[in-house]
Amino acid sequence: MSPNYPDEYDILLDCEYRIVVAPGTSVDLTFVDFSMEGGSSCQNDYLELYDVVSGVPVLLGVYCGTDAPPDTTSTENELRLVFHSDSSVGDNGFLANYVTNS
Ligand SMILES: [Ca+2]
């Protein structure tokens, strides 16, 4: 979840979340709430979603506003999220759940 969730996140944040499960398993990530400042190219606040393959983060998408990332399954055993907020206008942020696939 984003900092302070379900209250408004702070300005000027850069947070990285690494969701790492046991080697040989994968992770399913589902967003249950998603609300942040929007923008035509997500230039204000945004969440980047990466699939980490052979140790290299592969960008799957950049999300903002109420456009939540789709349900995502990792290729290997790690997904990574990078959350950024700019200097003004916050929102409630996001809440996501994950489960491990054996
Ligand atoms: Ca903002």
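**Notebook: disulfide and calcium site**

I looked for disulfides, meaning pairs of cysteine sulfur atoms within 2.5 Å, and found that the structure holds one. I was working with a predicted model, in which local features need pLDDT of at least 70 and side-chain atom pairs count only at pLDDT 80 or more, while totals for chains, interfaces and linings use all residues. Residues are numbered from 1 along each chain as its sequence is written, and side-chain values use heavy atoms, with hydrogens and water left out.

I noted that the disulfide joins Cys42 to Cys64, with an S to S distance of 2.1 Å. The torsion about its S-S bond is about -75 degrees, so I recorded the disulfide as left-handed. Both Cys42 and Cys64 are buried, which stands for under 20% relative accessible area, against over 50% for exposed and partly exposed in between (1.4 Å probe, protein chains only). I then checked Cys15, which is in no disulfide, the nearest cysteine sulfur being that of Cys64 at 17 Å.

I listed the protein donors as Glu37 (OE), Asp45 (OD), Asp45 (OD), Asp86 (OD), Ser88 (O) and Val89 (O), lying 2.3 to 2.4 Å from the ion.

Definitions and conventions:
Donors are N, O and S atoms within 2.8 Å of the metal (3.2 Å for Na, K and Ca); water is not among the atoms, so sites may look incomplete.
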